[in-house]
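Me: I would like to learn how to read a model such as this one, feature by feature. Could you take me through it, with the general idea before each case?

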Amino acid sequence: MTSATHSTLFPQDPHPGRSTAPPQGADAVLDGLDPEQREVATALHGPVCVLAGAGTGKTRAITHRIAYGVHAGILQPATVLAVTFTARAAGEMRGRLRALGVPGAQARTFHSAALRQLQFFWPKAVGGPLPRIVDRKFQLVADAAAACRIRLDRGELRDTIAEIEWSKVTQTVPADYPAAAAEAGREVPRPAAEIAQLYSAYEALKRDRGMIDFEDVLLLTVGILEDRHDIAEQVRAQYQHFVVDEYQDVSPLQQRLLDLWLGERDSLCVVGDASQTIYSFTGATPDHLLDFRLRHPGATIVKLVRDYRSSPQVVHLANGLLAQAAGRAAEHRLELVSQREKGPEPRYTEYADEPAEAEGAARRIRDLIASGVPASEIAVLFRTNSQSATYEQALADAEVPYQLRGAERFFERTEVRDAGAALRGAARSGGNDRLVEEAVDLPSQVRAVLSTRGWTTRPPAGSGAARDRWESLAALVRLAEEFAATRPGATLGEFVGELDERAGAQHAPTVEGVTLASLHAAKGLEWDAVFVVGIAEGMMPIAYARTDDQIEEERRLLYVGVTRARQHLSVSWSLARSPGGRAGRRPSRFLDGLRPGSAGPGARTAGAAGGIERGTATAAEERPRRRTRTVARCRVCGRTLTEAGEMKLMRCEDCPSDMDEGLYQRLRAWRELQAGRTGQPAFCVFTDKTLIAIAESVPEEEHDLARIPGVGLRKVRRFGTDVLAICAGQDLAPEAVEG
């Protein structure tokens, strides 16, 4: 995995990671920039808007812009504030600026920059210590629900938190939430009046407990800068030149803070791509980017379209996706032009079911690794995090190491904290530490210390906890090697300081393993090989995307996924969720006219590799003949059912259930044993909804069981005897359960 700020194609940086001296003089900063990037770097006066497509070197352009301004004597490093949206992107930007001889310029996220200002000015503006910041809202919102006597399940709690966060970044108070949510077309988890009540109770609980949340950091900073002109002027005296990356994702609250930082000045450079707007559900809007010329009539506009990341074949598909787009963002789309040599055509593969799709991806990943592609340069990207379990299992079965992006934070892992403590102790001891006294350089010292914590020159066999711990320690060793390459003569103490800075910014090093990530979490990253999976109707676009704007955001999300690939790109989908399930799915509409053999608006030639591959069929994937689809109706009230979950239950979610709770629990226990025996996730045996449907209908014959959605003839042949016996109240013999 590599940050999207990286490329091996730019002429002045052919060997990333190798120690290079900072450029000598302003003109040297411009070496290796293409004409458009050079225009960005030299446009130092007045407002500048950079429209930068995926892989076009936008971070390179803006970091060289800062460096050129500093080396030319036009900018002072301490007066520059570069703002981006992730700690990793900010860390990469600081590293690039340091390599360009500009270590003093600030590169932070909006929240990090606001928090520093809030901590500094709070005693002066408000008095006393800054309230404690809430790490996670879950418990507070649960307490607010209890106070309001509103029962929320875990999913509703999560969705309520999202609505509160959206309200705050769009500057919507509780009383205005129902109207604002309706106007924005929000899919609310509960009646809007209840969400407003929960929002108000949550805010009251925070005040009572002397706490603030992540969004309050921005709101309070805005409030202080608006109320205290002396503090606002002090901030403006400190920061006089602003650069904002990923400007298409700015929320109204962040724009308000940016306006307060700027004051009446116009020394602002923004960079963005409306076609990569994928966070509208959080309150982000591309309107600030698209309206930049209206707000700043004299602005310089530069378009970056030379794609240094992806092969012509990947770029061709990416351009094709946007060619079919509609809406305001589509009117400003950029046609990318690949600067790389020809690569393989994207592979399109159709599978019988999701487990087969995951196994197929794992096989191809194993082949890529065998051919020399590092595991860390391969990613599997999916629409929702719930899809990851199947791919985790498939990769583990194939003995392929993997890491989950968005899981536990790297620097919070036990082995990483222990390693940091050991390195810190060795740094304090200096030459008196027996472990490091014979080491010749920094990487050797780090290897020596981490060898006491489980690091070895070769990884442990297989996957699991031991391999995960080793991967974390190996990532620290590689980081030490990179740090020593960029800072010759660096000491162990300086490396520990670098770790502390990265931990504070959550700027984790790369772990050697295939990355599993949602499409949203993949933003800003790139890999040599990318598998975009589950690209079927209902998942892409997601089923709850109903309005034109929501559909177009789903298209942009797929575009982001496709443009993460440098060389190898695989797009796949499955016809059914589970083995033996009804094969009722079809490929995403976004692929119409793009995948070989398909037709649709804006159809394009997809390249020489015609045809769609079918996933390797086995006897286990044999499917019964499809039956004519009929209208599904609730067996309680008779209403037509449209949601997949309700169709499995054969009733509305809110209609009374006549489920036998004891039978349901016995079925769950049996499922766990079957899952353990086969090594599959439990849902691959039967989902919870299917077990509920079985426990409600209590089938007596095989044909009754086969009619339950989610069962099918294949599973009847495999599990029918056991399930019918459990439904009949019989105790299964141990050898029957064990297969």
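This is a predicted model: local features need pLDDT of at least 70, side-chain atom pairs count only at pLDDT 80 or more; totals for chains, interfaces and linings use all residues.

Me: Where is Met 540 found, and is Met 540 buried or exposed?

Reply: Met 540 is found in the loop between strand 16 (525–532) and helix 23 (548–562), and, with a relative accessible area of 0%, Met 540 is buried. A sequence separation can be set beside a distance in space: Met 540 and Arg 383 are 157 residues apart in sequence, while their C-alpha atoms are 7.2 Å apart.

Me: What kind of peptide bond joins Met 540 and Pro 541?

Reply: Most peptide bonds are trans. The bond that joins Met 540 and Pro 541 is cis, with omega at about 5 degrees, and Pro 541 lies in that loop between strand 16 and helix 23.

Me: Which residues have a positive phi although they are not glycines?

Reply: Most residues other than glycine have a negative phi. Among the cases with a positive value, Glu 246 has a phi of about 50 degrees, and Val 698 has one of about 45 degrees. Glu 246 is placed in the loop between strand 7 and helix 12 and counts as buried at 11% relative accessibility. Val 698, by contrast, lies in the loop between helix 26 (688–697) and helix 27 (702–706), and at 32% relative accessibility Val 698 counts as partly exposed.

Me: Which way do the residues of strand 3 point, and are they buried or exposed?

Reply: Side chains along a strand can be read by the direction in which they point. From strand 3, Val 80, Ala 82 and Thr 84 point one way, Leu 81 and Val 83 point the other way, and all are buried. Strand 3 (residues 80–84) is accordingly described as mostly covered, with 5 of its 5 residues buried.

Me: Which strands pair with strand 3, and what handedness does the crossover to strand 4 have?

Reply: Strand 3 is joined by 4 bridges to strand 7 (residues 241–244), and these run parallel; in that pairing, Val 80 stands opposite His 241. Strand 3 also pairs in the parallel sense with strand 4 (residues 106–109) over 4 bridges, where Val 83 has Arg 108 as its bridge partner. From strand 3 the chain passes through helix 4 (residues 87–99) to strand 4, and this β-α-β crossover is right-handed.

Me: How many aromatic pairs does the structure hold?

Reply: An aromatic pair is read from the distance between ring centres and the angle between ring planes. The structure holds 11 aromatic pairs. One of them, Phe 110 with Trp 261, is stacked, at 5.9 Å centre to centre and 5 degrees between the planes. Because Phe 110 lies in helix 5 (residues 110–125) and Trp 261 in helix 12 (residues 252–262), the pair ties together parts that are 151 residues apart in sequence. Phe 110 is buried at 2% relative accessible area, as is Trp 261 at 0%. In contrast, Tyr 279 and Phe 281 form a tilted pair, at 6.1 Å centre to centre and 50 degrees between the planes, and both count as partly exposed, Tyr 279 at 22% and Phe 281 at 42%. Ring pairs also link Phe 85, Phe 110, Phe 242 and Trp 261 into a cluster.

How values were computed. Residues are numbered from 1 along each chain as its sequence is written. Side-chain values use heavy atoms; hydrogens and water are left out. Rings of Phe, Tyr and Trp (its six-membered ring) pair if their centres lie within 6.5 Å; planes under 30 degrees apart count as stacked, over 60 as edge-to-face and the rest as tilted. Helices (H or I, at least four residues) and strands (E, at least two) are DSSP runs, numbered from the N terminus. Buried means under 20% relative accessible area, exposed over 50%, partly exposed in between (1.4 Å probe, protein chains only). Two strands pair if DSSP finds at least two bridges between them. A crossover is right-handed if, with the strands pointing away from the viewer, the path from the first strand over the helix to the second runs clockwise.
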